[in-house]
Structure formats: C-alpha cells, structure tokens
Amino acid sequence: MMVAGMRFLQLFAVVLAFSFVPAKSGYWLPAHATFYGGADGSDTMGGACGYENLYNAGYGINNAALSTALFNNGLSCGQCYLITCDTSKSNMCKPGTSITVSATNFCPPNWALPSDNGGWCNPPRVHFDMSQPAWENLAIYRAGIVPVLYQQVACQRQGGLRFTINGFNYFELVLVTNMAGSGSVKSMSVKGTNTAWIPMSQNWGANWQCLAGLKGQALSFAITSSGGQYKVFQDVVPAWWLFGQTFSTWQQFDY
C-alpha cells in the first residue's frame, strides 16, 4: 500500500506541475493591472491597434491595453497574456483565478502623475489596463489596482486570418486581425497578380502599408509571425476588391 501510495503522489505531483507550466516563457513575470471601459467593456472598442469592433475582429471582451514596456510600438497587438492576481502581495485578489486577454490597445504614460500613484503606465512599468469584465475575474472591484503575475501564451482564435484593405490610389493599408499562435505580425509582404512580392512596413498598430498600384489585382500575403511561423495566404483577396472591405481566410497560424 505504501508503494502504491507513493506512486499516486508522484503521479499527482507530475500532473500538478504540468498544470501550472506557462505556455511560452516557462515562468511568471510580475506586473500590475487596472481596468477601464465600463462594466460592459464597451469603451475598450477601437484603440491603438486599429481593431475597431473587437467582437468582429475576433478578440472579444477579454482584452487589455499595454504599457509602453509591453506595447512595442504596436508590434505586440494581438498577442495573448495569461494573467493571475498575485495573492502573496494583495488581499484584494480572487484566489485561484486567471484569465487570458488579448492586447488590443495602448496604455499611454501619464507624466503628470508619479509612477507609483496614478502614472501606472509610465515607463518602465509593466502594466495591463484590462477591460473591467476581464479584470473582475481576478480581483475585487474596489481595489482599483492589483499586483499580478503574467506570461505570454499562444492565442486561440475561431476561424482564419482576416485582411481589411484600407487606403486610396497607390496606398494600401492592410489591417490583419484574428491571428492565432503568437498573435502578432513580425513582417509581411504582398503580391498582386502582376507583381513580385513587395515588402510591407508597419504603419500603426496592426496596420501594414504598401505603396503600389494594386487595384484590379488579386492579392496574396506572406506573413512571418512574431513567433517565427511563416505562412503564405495565396489569392485571399479577389481582383474585384474595394477599399474598406474585409476578406476572411480558412488559414491560421498554429498554436
């Protein structure tokens, strides 16, 4: 019985260990979290990533604005973070809870306030300004701000990538949404029916730009994710596309 009991304890320990292994970094990092956007999170729509309606873009209400230390000039847009309240530092936490949020906005510095009293997103602070519904999974409302532990994790999305074509004439501004895996774009190229591959550059947030006359051509995109995956989205935009349209694909990055 003792041997069997020890085997059970060893197996339980292994299961427990795997249950708490972070999905990417392998360890938890310290930060702080506040909330914004109202009780229904409606005021978190839009934001510095350019996603506008977060439900339509595939991100939903579990979202957060990142401080400068995390935002990376918008290259972190779409990334996912598993967050839990640090119960060792606050009695305002809801123990045993955690939530995964998507990065959809930027939390700017407030230089008029000290970093430890209102200027929560001032560099070099690592901070998440979460939607209120997401934040209330972790802590009691009246706390306002709590210490948290976080790790970047793989994003899971429903359906494939979406490309929204904005701009005018010889300027194409492409918004990439609903990206799984690492959740964000590292580099991107576009190819028209009559062109070679043309490198694109980040304009702002999750918007990537190209200066070329591509109207009337079917468009393909090649994307390298921030996680190092490379995928080609062949002819995902038909030749009859118009500025302002969004095109969905069946392809997705692995997670």
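This is a predicted model: local features need pLDDT of at least 70, side-chain atom pairs count only at pLDDT 80 or more; totals for chains, interfaces and linings use all residues.

Visitor: Which backbone atom lies 2.9 Å from a polar atom of the side chain of Thr-193?

Guide: The backbone nitrogen of Ala-218. Residues are numbered from 1 along each chain as its sequence is written, and side-chain values use heavy atoms, with hydrogens and water left out.

Visitor: Where is Thr-193 found?

Guide: In the loop between β9 (185-192) and β10 (198-199). Strands are DSSP runs of E, at least two residues; helices are runs of H or I, at least four; both are numbered from the N terminus.

Visitor: New topic. How many disulfides does the structure hold?

Guide: Four, a disulfide being a pair of cysteine sulfur atoms within 2.5 Å. Counting bonded cysteines along the chain, the pattern is 1-2, 3-8, 4-5, 6-7.

Visitor: What is the handedness of the disulfide of Cys-80 and Cys-155?

Guide: The S-S torsion is about 125°, so this disulfide is right-handed. Its sulfur atoms sit 2.1 Å apart. Cys-80 is in strand β3 and Cys-155 in the loop between β6 and β7 (162-168), 75 residues apart. By contrast, the Cys-85 to Cys-93 link is left-handed, at -65°.

Visitor: Is Cys-155 buried or exposed?

Guide: Cys-155 is buried, because its relative accessibility is 0%. Buried means under 20% relative accessible area, exposed over 50%, partly exposed in between (1.4 Å probe, protein chains only).

Visitor: And the core? Which residues touch the most other members of the largest one?

Guide: Tyr-51, Tyr-81, Ile-83, Val-101, Phe-128 and Met-130, out of 31 residues. A nonpolar core is a set of buried Ala, Val, Leu, Ile, Met, Phe, Trp, Tyr and Cys residues joined through side-chain atoms within 4.5 Å. Among the elements giving two or more residues are β3 (80-85) and β4 (99-106).

Visitor: How do β3 and β4 pair?

Guide: Antiparallel, over four bridges. Strands pair if DSSP finds at least two bridges between them. Leu-82 has Thr-100 in β4 as its bridge partner. β2 and β4 pair in the parallel sense, over four bridges.

Methods: A polar contact is a pair of N or O atoms within 3.5 Å; within protein, one must be able to donate a hydrogen and the other to accept it, and residues adjacent in sequence count only if both atoms are side-chain atoms.
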